[in-house]
Amino acid sequence: MATSSSRLHAGIDLGSTGIKMLVIDDAGTEIAAAQVPTPWRVGEGGTTDIDAGDLVAAVRALIDRVDAELAHLTADPLTSLAVAGMGETGILIDADGAAAGPGFAWFDPRGWEQIAAFPAVVRDEFAGRTGLPLGAQVSVAKLAWLRDQGTDLAGLRWLDLPEFVVAALGGDVALELSLASRTGLIDQDSGAAWPAMLDALGVDADLLPPLRGGGLPWGVASDALGPRVAGAALTVAGHDHLVAAQANGTLDADGYHVSLGTAEVLLRVLDAPLGFAARQRLAEALINEVRHVVPGKHVLVAGVKTGLLLRRALHAAGISDRTGRDALDDAVMSLPYEGELPDGAIEVTGARNDDGVLRLTLHTEASPAEIFGAVLRHSNDEIAQLIAAMDREVAPATHSTLTGGWAGMASVRRARAEVLPNPSLSTREQDVAYGAADMARRLVSASVPT
């Protein structure tokens with residue numbers, strides 16, 4: 001139980017499906033937690049965005065839920081609070097800090113026409129400079145789309161979602177390096193804005209607030225979102241997958257940290273950037289080489305849209321609750337990994353990171369368990385290709401740690417054991433929120449218990 005002698009530290013995880021908050025004490029013990037849905041607005045053709053006011057309201061509702069859970073334990077306010085979250089999604093703000101447009105989900109398709117119209121030198125050098133494949137997922141695609149829809153970018157500033165929430169809490173207006181690395185605006189070698197990209201957008205470097213490392217001081221919370229957070233020391237923890245891996249202590253040079261959420265992400269840590277040519281080669285396989293939340297470190301980030309496809313497979317089978325998911329998991333585990341149907345009986349596509357559309361071709365009758373198993377094997381095939389591409393640039397990994405909601409399914413763990421080296425399962429349910437809370441704790445602690 002938290003007492004007046006044990007301070008409270010919170011982490012917020014701005015996730016694709018839900019926004020989570022976790023409170024820990026000075027010893028790292030979990031005290032309270034809550035979750036609310038991410039308030040996306042879904043339109044035609046897969047377009048998905050978020051209104052800034054809706055986001056702030058959701059964070060306020062989340063804080064209120066945690067406050068209610070803490071009420072019977074202590075009235076003490078939070079000492080510190082850190083926010084982590086998805087990359088790519090961000091919000092333009094004006095000089096007064098007000099939102100000048102929506103935030104776009106990383107899987108929103110808008111921006112393809114705009115990136116195709118970038119100057120040839122920008123398209124040719126994009127991956128080598130930014131460490132990212134050029135596609136609609138990167139933030140610059142959405143900035144170009146907004147510009148072409150009539151938004152005057154002059155005088156506006158970009159904040160990634162976690163930085164926007166910290167600013168809404170009363171913190172500084174600044175960019176965190178691992179999140180800024182997801183935008184397409186940063187040259188990975190210099191760590192500063194890429195001038196050619198700014199020119200292509202028709203903006204100057206003022207679009208980017210000052211860059212800052214994750215976990216550094218970001219100001220103090222106001223009372224705008226309630227007394228429980230008022231006065232808390234604030235920080236931006238960074239890109240969600242990296243925060244989770246760092247919290248677990250599982251992202252070492254020899255291993256993969258594998259986060260199985262809506263997107264499935266494989267991480268490898270690097271002591272230094274691999275350089276322009278390697279980034280170009282990796283981008284051809286849709287692999288990123290960007291900055292870590294740990295100062296001076298870089299990471300390889302390889303993704304597949306496994307969770308998106310698995311969720312759609314569940315819905316196609318009429319399953320929308322945990323009980324149904326568990327029953328399907330048991331049914332898949334009753335089959336061999338390869339299934340019992342002839343080779344080629346089920347064809348699956350869609351897991352590649354630039355896709356996400358589940359396409360099934362059934363050449364025979366197939367049960368939901370056979371279909372789910374086929375989706376897992378298809379995602380394994382995509383992961384094997386990513387691993388091969390990374391192994392051409394760095395020494396092969398020797399072990400893996402699985403985290404995220406889908407890792408709770410035995411059938412998913414069995415499938416990944418076919419393709420990942422020596423996999424083990426994280427023991428935490430909320431890795432990102434815990435990682436953020438731990439960074440908040442460290443922000444105000446000269447000496448942190450281990």
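## Helices, a cavity and a pocket

Start where two helices touch: L328, A331 and V332 of helix 11 meet P368, A369, F372 and G373 of helix 12. The model is a predicted one. By class, this contact of helix 11 with helix 12 has 6 nonpolar residues, 1 polar residue and no charged ones. Two packed helices are described by the angle between their axes and the distance between the axes. Helix 11 covers residues 322-333, and its axis comes within 9 Å of the axis of helix 12. The two axes cross at roughly 80°. Angles of 65 to 115 degrees count as roughly perpendicular. Helix 11 and helix 12 are therefore roughly perpendicular to each other.

Stay with helix 12 and turn to helix 13. These two helices pack at an angle of about 35°. Their axes lie 10 Å apart. The crossing of helix 12 past helix 13 is right-handed. From helix 12, the contact uses F372, L376, S379, N380 and I383. From helix 13, it uses S411, V412, A415 and R416. The contact of helix 12 with helix 13 counts 5 nonpolar, 3 polar and 1 charged residues.

How many cavities of 30 Å³ or more does the structure hold? It holds 1. The largest cavity has a volume of about 60 Å³. Its lining includes V332, L335, P336, Y337 and G339. A369, E370, G373, L376 and R377 line the cavity too, as do S411 and R414. Two elements give two or more residues each to this lining: helix 12 (368-391) and helix 13 (410-417). Which of them gives the largest share of the lining? Helix 12 does, with 5 residues. By class, the lining of the largest cavity has 6 nonpolar, 3 polar and 3 charged residues.

Follow the chain on from helix 13. V419 lies in the loop between helix 13 and strand 20 (423-425). What does V419 touch, not counting residues up to four places away in sequence? It touches N380, I383, A384 and I387. L267 is 152 residues away from V419 along the chain. Their C-alpha atoms are separated by 15 Å.

Next comes an open space. The second largest pocket has a volume of about 350 Å³. It is lined by 19 residues. Which of them lie nearest its centre? They are Q246, G435, D438, M439 and R442. Helix 8 (240-248) and helix 14 (431-443) each supply at least two residues of the lining. The largest share, 7 residues, comes from helix 14. By class, the lining of this pocket divides into 9 nonpolar, 6 polar and 4 charged residues.

Finish with one more helix pair. Helix 1 (residues 52-70) packs against helix 5 (residues 161-168) at an angle of about 70°. Their axes are 11 Å apart. That angle makes helix 1 roughly perpendicular to helix 5. Helix 1 passes helix 5 in a right-handed crossing. On the side of helix 1, A52, L55, V56 and V59 make the contact. On the side of helix 5, L161, F164, V165 and A168 do. The contact of helix 1 with helix 5 has 8 nonpolar residues, with no polar and no charged ones.

Notes:
Residues are numbered from 1 along each chain as its sequence is written. This is a predicted model: local features need pLDDT of at least 70, side-chain atom pairs count only at pLDDT 80 or more; totals for chains, interfaces and linings use all residues. Side-chain values use heavy atoms; hydrogens and water are left out. Axes are lines fitted to C-alpha atoms, for helices over the stretch in contact, and angles run from 0 to 180 degrees between N-to-C directions. Helices (H or I, at least four residues) and strands (E, at least two) are DSSP runs, numbered from the N terminus. Angles under 35 degrees count as roughly parallel, over 145 as roughly antiparallel, 65 to 115 as roughly perpendicular and the rest as oblique. A crossing is left-handed if the near helix is turned anticlockwise from the far one by less than a right angle, and right-handed if clockwise. Contact means heavy atoms within 4.5 Å. Ala, Val, Leu, Ile, Met, Phe, Trp, Tyr, Cys and Pro count as nonpolar, Asp, Glu, Lys and Arg as charged, and the others, Gly among them, as polar. On a 1 Å grid over the protein atoms alone, a cavity is a set of points where a 1.4 Å probe fits but cannot get out, and a pocket is an open set with protein on both sides within 12 Å along at least five of seven lines; lining residues have an atom within 4 Å of a point. Grid points are joined across faces, edges and corners, and a volume is the space filled by probe spheres set on the points.
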